[in-house]
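Here is a short briefing to read alongside your viewer.

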Amino acid sequence: MPTPNSIRLLVAEDVPQVSQHVRNLLSIQSQVKLLEVLNDGANVVETAKQLRPDVVMVDLLLQGKVKGPQLIEKLRESGLDIPVVVLTVPQHPLARDPARGIDAVLTLPFSGFELVNTLSHVLADRQARTSGSCRVVSVFSPKGGVGKTTIAFNLAVSIAQQGVATALIDGSLQYGDLRALLKVPSDVPSILDLPTDRVLESDIRDVMWRDPAGIDILLAPPRVEMAEMVNVRDVDKTISLLRRLYEAIVIDTPTSLSEITLAFLDASDVVLSVVTYDSTTIHNTLAVAEVFSSIGYAPEKMQYLVNRADSSGGIGHDELARALGRRPDFEVVSDGRLVVQANNEGMPFVVSSPDAAVSRDIRRVAQTLLGRAPVNAPVRL
Ligand SMILES: Nc1ncnc2c1ncn2[C@@H]1O[C@H](COP(=O)(O)OP(=O)(O)OP(=O)(O)O)[C@@H](O)[C@H]1O
Ligand SMILES: [Mg+2]
């Protein structure tokens with residue numbers, strides 16, 4: 001996982017003012033180390049082979065024998081597998097297109113914040129997709145109360161029921177929804193009890209709460225103010241270790257799109273965005289979808305789950321699909337009686353009522369995320 005101070009950047013830029021701008025922006029931060037700025041596209045692939053940067057930034061308008069677009073193509077063909085961020089100007093708009101080697105686009109003028117953010121997201125996204133066989137799924141929504149915690153818990157249990165070693169992380173660090181849901185005593189350890197420097201596998205095993213439903217849970221700190229003691233580096237380290245110990249990780253997240261929430265989402269293979277038929281939820285979901293796209297999340301990383309899908313509140317299926325720009329990937333029905341009762345008892349409904357429609361819906365999500373969906377089962381959309 002990328003950690004602060006760890007992004008090594010190689011830049012291909014022949015306009016001195018732009019190189020200087022990038023140098024200036026990077027000189028006042030420590031997360032990105034600028035290895036070299038090359039003003040000739042012809043040397044970039046060779047230099048990248050030697051220096052092994054984490055990210056290469058290419059000016060689309062690079063002149064000379066090897067121009068910007070050719071260089072992007074050469075880097076893609078080189079097999080170096082280094083993510084490329086393309087720099088452009090508003091007069092030459094460009095869409096991100098990972099299949100063509102354009103992992104993210106930065107349009108001048110950009111701030112240091114945008115620059116560093118784009119580089120770290122592109123890198124984290126790449127690493128999440130290439131690090132082993134463990135599936136990491138974050139359950140997120142920019143709107144509170146849509147069912148994130150309920151879905152994350154039941155989804156994790158449902159994945160475990162498929163015989164997959166599963167961890168659930170309570171990423172809602174301030175309120176620790178899962179501790180409350182499962183009525184876990186406040187002295188049970190949390191992510192905060194992991195050592196700050198070298199975390200070993202045995203440390204992780206010591207802090208995991210073993211839920212009777214067959215999953216291991218990494219709880220959030222027991223008190224609100226303790227959340228601040230967890231930083232992005234802790235999150236990255238923890239997830240990369242958990243990836244080695246489990247075959248699937250589900251992360252419950254808070255509503256706020258903080259640095260920490262982004263660290264959880266960055267480290268995920270899939271962001272399961274929970275929507276409901278509610279205009280503010282849809283509005284906020286679209287707003288964050290734009291953020292995710294601009295920081296370089298691949299469209300296939302984003303999946304939409306409509307919760308309480310049978311309570312459409314006057315908004316039609318097609319209307320929702322039009323707003324999202326695609327059909328949602330999953331639907332989960334509403335079952336007020338079962339869900340509320342199961343939550344109050346701290347029981348997963350996928351265990352207590354496996355045949356209920358809501359449990360079947362969650363099971364379908366679990367199987368699809370594991371690539372095990374029954375081929376000819378009808379998709380309920
Ligand atoms: N499919 C469903 N059918 C019926 N009730 C549901 C369903 N999903 C969630 N709920 C109920 O909605 C409420 C909110 O759920 P939950 O706490 O899981 O949401 P959340 O998104 O995690 O909220 P927060 O933003 O506070 O973390 C709970 O009372 C839960 O029982
Ligand atoms: Mg919650």
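Around ligand 1 there are 21 residues, and G144, G147, K148, T149 and T150 come nearest; a residue counts here if its C-beta atom, placed from the backbone, lies within 6 Å of the molecule. This is a predicted model, where local features need pLDDT of at least 70, side-chain atom pairs count only at pLDDT 80 or more, and totals for chains, interfaces and linings use all residues. Residues are numbered from 1 along each chain as its sequence is written, while chains are lettered from A and ligands numbered from 1 in the order in which they are written.

**Ligand shell**
- Both α5 (148-160) and α12 (336-345) supply at least two residues of the shell around ligand 1, and α12 gives the most, with four.
- Helices are DSSP runs (H or I, at least four residues) and strands are E runs of at least two, numbered from the N terminus.

**Nonpolar core**
- The largest nonpolar core has 104 residues, and V56, I249 and V250 have the most contacts inside it.
- Such a core joins buried Ala, Val, Leu, Ile, Met, Phe, Trp, Tyr and Cys residues through C-beta atoms within 7 Å; buried means that 20 or more other C-beta atoms lie within 10 Å of a residue's own.
- V250 touches, among others, V137, V139, A152 and L155, leaving out residues up to four places away in sequence; contact means C-beta atoms, placed from the backbone, within 7 Å.

**Whole chain**
- The protein chain has 14 helices and 13 strands.
- Buried residues make up 43% of its 381 residues.
- Along its principal axes, the C-alpha trace of the protein chain spans about 65 × 50 × 35 Å.

Definitions and conventions: A residue is buried if 20 or more other C-beta atoms lie within 10 Å of its own, exposed if 12 or fewer, and partly exposed in between; C-beta atoms are placed from the backbone. Two residues are in contact if their C-beta atoms, placed from the backbone, lie within 7 Å.
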